[in-house]
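Please look over the sequence and the model below. The report then goes through selected residues, strands and helices.

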Amino acid sequence: MIRIALDAMGGDHAPKEIISGAILARSSMELDITLIGDKTAIEEELKIQKSPFMFPVVHTTEVVTMNDHPSEVLRTKKDASIFVATRLVAEGRCDAIVSAGSTGAQLAAAMFILGRIKGIERPGVATPVPQVNGKLAMMCDGGAVSDCKPNNLLEFAQMSSAYCQNVMGIDGPRVALLNIGEEAEKGSELTQAAHKLLLKSDLNFIGNIEGKDVLKGNADAIITDGFTGNVILKAIEGIASDVMGLVKKAAKTSLSSKMGGLLLLPAIGNIRKMMDYSEYGGAPLLGVNGISIICHGRSNGKAISSAIRQAVNCCNAQLISKISSQTR
């Protein structure tokens, strides 16, 4: 049975939504979930939510806040929930960690406690990106490595391809390099050099992809540096939210608009669901020697439950060994 270490104190709505997610996950999956954090706060919330399940709790006395510097808290807050949860995975007491807390702290914990998979220089965050065809693509890197070398992008491609194939069940995942043009000679020195490396690899590299095509469903793994990837992801999130707001506003401008809006409600609901991050869980940190799922800081119970399912799928797919063999 898969054992999940769940950071109960991480996130904007912890521990309420974290525990809600744990209960949802246990309701639909056979697994063990250990809650890490302030025992009193966790047990009180379990009572409030009238949990039908018993969860083991590992008590911690510290919490990493969004204002803490990731490299410093490793030294100053060793008993923080995110670090204790990561150590449970490193010690083999749990199989995966799920957290909605500080991304920087989770990256630092994974790097220094779990360590890197042999042969991987820089781990990357692989973020699910919904496509207009209803499927998902993985964008890597989503923010872990802002300043990349060409070989880092090759590693991101290899790891993302392994994830798509073994966790998502995609045969021969299509790998694309995010660039300012489709031609091989386009882009920066980084993308041009990475393009050459990807062409020589045994990956199913389909070439460059432009920003306008990120959601088109033409690729399964979209590769970029962490700075560009993070900007793209946040732009998608912001634009989706703003467009839905504009549609709602426009639907209230006249009687005919209101009637049309009512007719469009099912379609709008489907679009909202497609763009809702809670449907897809979190973003796996690829390249570290353990399963580490990074969740959105605003995650609700549904998102946490989805992230737990994602962690279980990674464990069942033996993702670490598959990445190790892919990048050897």
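## A side chain in a loop

The backbone oxygen of K186 sits 3.1 Å from a polar atom of the N179 side chain. The model behind this value is predicted. N179 belongs to the loop between β7 (174–178) and α7 (189–200).

N179 is buried, at a relative accessible area of 8%. Leaving out residues up to four places away in sequence, N179 touches K186, G187, T191, N208, I209, E210 and G211.

β1 runs parallel to strand β2 (residues 32–37), and five bridges join them. D7 has I36 of β2 as its bridge partner. Between the two strands the chain passes through helix α1 (residues 16–28), and this β-α-β crossover is right-handed.

β1 also pairs with strand β4 (residues 96–99). That pairing is parallel too, over three bridges. Here A5 stands opposite I97 of β4.

## Helix α5

Helix α5 has 12 residues, 103–114. At 1.5 Å a residue it should span 16 Å. Its end C-alpha atoms are 15 Å apart, which agrees.

Which residues of α5 are buried? They are A105, Q106, L107, A108, A109, A110 and L114. The elements that cover them include α3 (70–76), α4 (81–90), β4, β5 (124–130), β10 (283–286) and β11 (291–294). Just after the helix, G115 takes a positive phi of about 80°.

## Cysteines

How many disulfides does a search of the whole structure find? It finds zero. Take C94: the closest cysteine sulfur is in C315, 10.0 Å away from the sulfur of C94. That is too far for a bond.

C94 is buried, with a relative accessible area of 5%. C295 is buried as well, at 4%.

L319 lies in helix α11 (residues 319–326). Is L319 buried or exposed? Its relative accessibility is 2%, so L319 counts as buried.

L319 and N166 are 153 residues apart along the chain, yet their C-alpha atoms are separated by 7.0 Å. Beyond residues up to four places away in sequence, L319 touches A162, Y163, V167, L286, I291 and C314.

## Backbone features in loops

Two cis peptide bonds deserve a look. One joins A14 and P15, with omega about -5°. P15 is in the loop between β1 and α1. Another runs from C140 to D141, with omega near 20°. D141 is in the loop between β6 (136–140) and α6 (150–166).

Positive phi values also turn up outside glycine. K50 has phi near 50° and is not a glycine. K50 lies in the loop between α2 (39–48) and β3 (57–59). At 70% relative accessibility, K50 counts as exposed. Q318 is not a glycine either, and its phi is positive, about 50°. Q318 sits in the loop between α10 (301–316) and α11. With a relative accessibility of 51%, Q318 counts as exposed, because the cut-off is over 50%.

Terms used:
Residues numbered from 1 in each chain as written. Heavy atoms only, no water. Helix = DSSP H or I, 4+ residues; strand = E, 2+ residues; numbered from the N terminus. Buried < 20%, exposed > 50% of the residue type's maximum accessible area, 1.4 Å probe, protein only. Polar contact = N/O pair within 3.5 Å; in protein donor to acceptor, adjacent residues only side chain to side chain. Contact = heavy atoms within 4.5 Å. Pairing = 2+ DSSP bridges. Right-handed = clockwise from strand over helix to strand, strands pointing away. Disulfide = S-S within 2.5 Å. Expected span 1.5 Å × (residues − 1).
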